[in-house]
Amino acid sequence: MKLIDRYVTWQVILTGLFAVAVLSLVLVLGKVFKELLELLVNNDAPLDLILSFIAYILPFSLTFTIPWGFLTAILLVFGRMSAENELIALRSTGSSMTRICAPVFLLAIACSGICLWINVEVAPRAQQRMKDALYNIATSNPLSMFGDDKVITDFPGRKIYVERNEGAQLFNLLVYEMNEDNDPMRIVHAKRGELEADPDKNQLLLHIYDARYEARNEDDPDNLSKIRQATMQKSTLPISLEELYEKNKKRKGTGSMTVQELMGRLKDQKLATANVDPKEEAGQRSSALTEVNKRFSFAFATLAFALIGVPLAITAHRKETSIGFLFSLVVAFAYFLFIIIADTVRSNPAAYPQLLVWLPNVLFMGIGGFMFRRLAMR
């Protein structure tokens, strides 16, 4: 029996590692191109930056690819074993299906432990470091933020549109300075501009040429008759990088918090109830609770996939790799759909999103347990 255990274990491990590697490569490259596309196109992204960015994205991708890769491995391995009648040969030795699949369930428990560690500690810290890396790009190479035909909203209180850039030269700029209500109070339209870094004062200097300036009245911004206009041959707009840093630090989302930080936020919300909108407070509390439950729920996805994957693979009785990948895609999509729905309504306490994230585990374990029991009784 030890020989059978080793055979099944290594088949699942090797296939699972390959599946996780392929899926992680796809997700990581997709995220890299999404975040760093302009730098890659402009050849402004150094290799060390790309490698560090990949290292920060990888733990987050593993929260999805480990369960998905494990499911794919089960479907491929047991589908082939069923098609080649290896399971019939194993059962003819007197081994039950439960005993044959025991290594798979042990692997599922081990993967659940790994996923729990990644979800609770590793992925949140890596996600925060990824955001810090994006901020470092903005401060060390600010020109990379000013792409062609793009609106830059990263700088607090400003929106900047650039039609095109050629090196440090910017053409056809629109600069909006906003008030606290996000209304444009000052608008600058310049035909040309240049960016200059001022590291001593931790700011950027935007030199503009041939510009037209409009400003609304601070006390009566809706009164268009009080708009002041002026033309400028040359001027300089300072843009604080310190404000960008503070904005990046303040917008730390629940996804980049550890479980301890999330629980601390929940505790703070219990204590600080004065002068806070009850609906907003309930939404923030629901969001934090949902994130905590999602981290633990994800860890049990491998167990749910193991229960439903074995009977599904044996019932399909196909050894083609394409069929196994197709089944894994359908099952994983159905599972993650519940998580996406829970994330969508995470700020709505009436929808109980903190319980909704557990629903796919309950459904898949229930259906998988029923299918596996019928399979074992054959």
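Biologist: Which residue in the turn of the hairpin formed by S4 and S5 has a positive phi?

Modeller: This is a predicted model, in which local features need pLDDT of at least 70, side-chain atom pairs count only at pLDDT 80 or more, and totals for chains, interfaces and linings use all residues. Residues are numbered from 1 along each chain as its sequence is written, and side-chain values use heavy atoms, with hydrogens and water left out. Strands S4 (residues 184-198) and S5 (residues 203-215), taken as DSSP runs of E of at least two residues and numbered from the N terminus, run antiparallel and are joined by 12 bridges, where pairing requires at least two DSSP bridges. Four residues lie between the two strands, and the one in the turn with a positive phi, of about 55°, is Asn 202.

Biologist: Which residue in S4 stands opposite Leu 173?

Modeller: S3 (residues 169-178) runs antiparallel to S4, with nine bridges joining them. The two strands form a hairpin with five residues between them, and Asn 182 in its turn has a positive phi of about 65°. The residue that stands opposite Leu 173 is Ala 190.

Biologist: Is Gln 169 buried, partly exposed or exposed?

Modeller: Gln 169 lies in S3 and, leaving aside neighbours within four places in sequence, is in contact (heavy atoms within 4.5 Å) with Arg 164, Arg 192, Gly 193 and Glu 194. Buried means under 20% relative accessible area and exposed over 50%, with partly exposed in between, using a 1.4 Å probe and protein chains only. Because its relative accessibility is 24%, Gln 169 counts as partly exposed.
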